[in-house]
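Reader: I want to know what stands behind the labels put on a protein model. Please set each value against its definition.

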Amino acid sequence: MIILGFMGAVFLGYLAWLTWAALAYPIPLSYNLRSLWQRKVATISTAGAIALVVGIFVVVLSLAQGLSKAFVSSGRADQAIVMRSNAQFELNSSIDRGQARILEVHPLVARDAAGPLVSAEVVVIKIFQKSDGADTNVTVRGLEPTGIRLRSQVKLVEGRWFRPGLSEVVVPRKMQGRFTGMELGRILKMGGRDWEVVGVFDGGGSSFDSEIWSDVVDVQQAYKRESFSSVLARLDTPERFKAFKESVEEDKRLKLDTISEKAYFTELTKSGDPIRILGNLITLILTAGAIFAAMNTMYASVSGRAKEIGTLRAIGFRRREILASFQWESILLCGLGGVVGAFLALFANGIQTGTTSFQTFSDVTFAFTITPVLMLEGVAFSLVMGLLGGFFPAWKASRIPVAEAMKG
């Protein structure tokens, strides 16, 4: 930690000195800027390589961003998920009918004109074929009509909601492009039954965009389930969650675990960890390559301009002024590539993709999400590449003896 702090202080001190040098020594810096324009081919090729690296960097990070958004936008702080004791996820939980009825009349559960805002639900996994021919697990959620009202981010965009007892399902619009046979009116084979697709919904970018919904009793009967997987309950306020949790866990008739819906889906964001690790690994490799590319370009630039450097030294510019001007040339060159790369990454924004959750072993549909913060991180990343990649060439330029430089 001390070493990192020392390195950070040195880095910030060097940046401060470069900023001061740009203001104090404007003539060498303007020379470097004109040089970038005069060497258009080299400038464009180097900036293009940096743009490619930054574009990949931003796109890879947008994968984890999109996955996090899918889970974080799924939960509400005033809703609680009740599951079997020690069950981490709905898939390995079980709640019997008696327990579900006790929760339905719990005094801390919110109510509206239609009754208590509680939904007993069952979750199963079914293999479906994707558009590319590969098979993957998909979550099928059986829920009560109240369960639809408890997910306000989910909107019906085509057809109608399922009706109990008719083996009907509604599917997410975002799954239709990734899986075959999800069109309105098509028949799905699940649990030994034929299920008609009667509606299409939009989950608003939440994890529900990865689930097929149907009536809870129909799903229980098809998959021969006597119990529910979980019970979703809305409370009057988020502050009531603690009292509700203690009440459910202390009730001898229940002895169930309770977790806030928001915390539950935050836990599921860990399924994005492999993507983050992969992204960091790719970024590390690309960073090393980009730094060496910038370094080679700057070394070539310095070697080709030995006479010009000698002239600058001969007319009175000092070594530290030469160092600062060439260092800024490298930073500006990489910064230009970084800006271009950040905007190129926007072409991937919104593209649908998916991965398998290591928590639920089912498919999670999400979109590449390019945010302004990610774009700024990409530009900052390019500036660091310019700083690191340009330091040694700039140092070399500042150390060339005047007599040797004038020889060319």
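Author: What follows takes the labels one by one, with the value behind each.

This is a predicted model, in which local features need pLDDT of at least 70 and side-chain atom pairs count only at pLDDT 80 or more, while totals for chains, interfaces and linings use all residues. Residues are numbered from 1 along each chain as its sequence is written, and side-chain values use heavy atoms, with hydrogens and water left out.

Reader: Why is Glu-121 called buried?

Author: Buried means under 20% relative accessible area, exposed means over 50%, and partly exposed lies in between (1.4 Å probe, protein chains only). Glu-121 has 0% relative accessibility, so the residue counts as buried. Arg-151 has a relative accessible area of 4%, so it is buried as well.

Reader: What makes Glu-121 and Arg-151 a salt bridge?

Author: A salt bridge needs a side-chain nitrogen of Lys or Arg within 4 Å of a carboxyl oxygen of Asp or Glu. Between the side chains of Glu-121 and Arg-151, the N to O distance is 2.5 Å. The pair links distant parts of the chain. Glu-121 is in strand β4 (residues 118-129), and Arg-151 is in the loop between α5 (145-149) and β6 (155-159), 30 residues apart. Helices (H or I, at least four residues) and strands (E, at least two) are DSSP runs, numbered from the N terminus.

Reader: Why is the pair of Glu-90 and Arg-141 said to tie parts together?

Author: The side chains of Glu-90 and Arg-141 meet in a salt bridge at 2.9 Å, N to O. Glu-90 lies in the loop between β1 (79-83) and α4 (97-104), and Arg-141 in strand β5 (residues 135-143), so the pair ties together parts that are 51 residues apart in sequence. Both residues, Glu-90 and Arg-141, are buried.

Reader: Which residues are linked in a network of salt bridges?

Author: Glu-90, Glu-121, Arg-141, Arg-151 and Glu-211 are. The whole structure has 15 salt bridges.

Reader: What makes a space a cavity and not a pocket?

Author: The test runs on a 1 Å grid over the protein atoms alone. A cavity is a set of points where a 1.4 Å probe fits but cannot get out. A pocket is an open set with protein on both sides within 12 Å along at least five of seven lines. Lining residues have an atom within 4 Å of a point. Grid points are joined across faces, edges and corners, and a volume is the space filled by probe spheres set on the points.

The search finds four cavities of 30 Å³ or more. The second largest cavity has a volume of about 40 Å³. Among the residues that line it are Glu-90, Glu-121, Arg-141 and Arg-151.

Reader: How is the lining of the second largest cavity divided by class?

Author: Ala, Val, Leu, Ile, Met, Phe, Trp, Tyr, Cys and Pro count as nonpolar, Asp, Glu, Lys and Arg as charged, and the others, Gly among them, as polar. This lining has three nonpolar, one polar and five charged residues. β11 (230-234) and α9 (261-268) each supply at least two of its residues.

Reader: And what is the volume of the largest pocket?

Author: About 190 Å³. Of its 16 lining residues, the closest to the centre are Lys-69, Lys-174, Gly-205, Ala-367 and Thr-369. α3 (40-72) and β14 (363-367) are the elements that give two or more residues to the lining. By class, the lining has four nonpolar, nine polar and three charged residues.
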